[in-house]
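Q: I have a model open and would like to go through it step by step. Could we begin with the aromatic residues?

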Amino acid sequence: MREKRKCTICGKELVGRTDKRFCSSLCKANYHKRLSKSTKCATAEIDKILHRNRSILLEIIGKGRSQMKVPLIELERRKFNFNYMTKYITNKQGKVYHYVYDFSYMTFSSNEVLIIRNKI
Ligand SMILES: [Zn+2]
C-alpha cells in the first residue's frame with residue numbers, strides 16, 4: 001500500500017503527481033516565504049559583519065586606488081573582524097588572499113596589510 005502524501009505546509013492530503021509537495025500555489029508560496037525569512041534571520045548578523053568589513057576596506061583604500069599597504073593596527077582600530085570573509089585563495093608562494101566581496105587583503109609578518117580592490 002502506498003503511503004499517503006501530505007502537503008508540507010497545511011498537511012492536506014496530496015493527489016496527483018508523486019513529486020508534489022504542496023496542495024496549492026498558496027502553500028508553495030508560504031513555504032518559500034518561510035524559508036526565505038528563516039535564511040534572512042540566520043544570516044543577518046554575519047552579513048552585517050561582512051558589509052562592515054567591506055566598508056572599512058573601502059574607507060581605507062579610498063576611491064582612486066586599486067591597492068594599498070597599511071599597518072595592521074589601522075584595521076584593528078576600526079574594529080575590522082578578521083573572522084569573516086567571503087572566500088580565500090592561496091597563491092603559489094603560500095600567501096593567503098582573504099576576500100571580502102570585491103576586496104581582498106593579505107597580511108605580512110611586518111604587521112602590515114595589503115588591501116586590493118578586485119575587478120568583478
Ligand atoms: Zn497545503
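Predicted model: local features only at pLDDT ≥ 70, side-chain atom pairs only at ≥ 80, totals over all residues.

Q: How are the rings of F80 and Y105 arranged?
A: Their planes stand at 90 degrees and their centres are 5.3 Å apart, so the pair is edge-to-face. The cut-off behind that name is an angle of over 60 degrees between the planes.

Q: And where do F80 and Y105 sit in the chain?
A: F80 lies in the loop between α2 (72-77) and β2 (87-90), while Y105 belongs to strand β4 (residues 103-107). They are 25 residues apart, and the pair links distant parts of the chain.

Q: Which residues do ring pairs link into a cluster?
A: The cluster consists of F80, F82 and Y105.

Q: How many aromatic pairs does the structure hold?
A: There are 4 aromatic pairs. One of them joins F22 and Y31, with 5.1 Å from centre to centre and 45 degrees between the planes, an arrangement described as tilted.

Q: Is F22 buried or exposed?
A: F22 counts as buried because its relative accessibility is 10%, and the cut-off for buried is under 20%.

Q: Which charged end sits over the ring of Y31?
A: That of R21, at 5.1 Å from the ring centre. Likewise, K69 has its charged end over the ring of F108, 4.2 Å from the centre of that ring.

Q: Changing topic: what are the protein donors of the zinc ion?
A: They are the SG atoms of C7, C10, C23 and C27, lying 2.3 Å from the zinc ion. Along the sequence, these donor residues follow the spacing C-x2-C-x12-C-x3-C.

Q: Why is the arrangement around the zinc ion called tetrahedral?
A: The 4 donor atoms subtend angles of 102 to 118 degrees, which makes the arrangement tetrahedral. For comparison, the ideal angle for four tetrahedral donors is 109.5 degrees.

Q: What about the accessibility of C7?
A: C7 counts as buried, at 4% relative accessibility. C10, on the other hand, is partly exposed, with a relative accessible area of 45%.

Q: Which residues is H98 in contact with, leaving aside its neighbours within four places in sequence?
A: Those contacts are M85, K87, Y88, F103, S104 and Y105. Y105 also belongs to the ring cluster with F80 and F82.

Note on methods. Residues numbered from 1 in each chain as written. Heavy atoms only, no water. Phe/Tyr/Trp six-rings, centres within 6.5 Å; stacked < 30°, edge-to-face > 60°. Buried < 20%, exposed > 50% of the residue type's maximum accessible area, 1.4 Å probe, protein only. Helix = DSSP H or I, 4+ residues; strand = E, 2+ residues; numbered from the N terminus. Lys NZ or Arg CZ within 6 Å of the ring centre and 35° of its normal. Donors = N, O, S within 2.8 Å, 3.2 Å for Na, K, Ca; no water. Tetrahedral: all angles 85-135°; square planar, octahedral: opposite > 155°, others 65-115°. Contact = heavy atoms within 4.5 Å.
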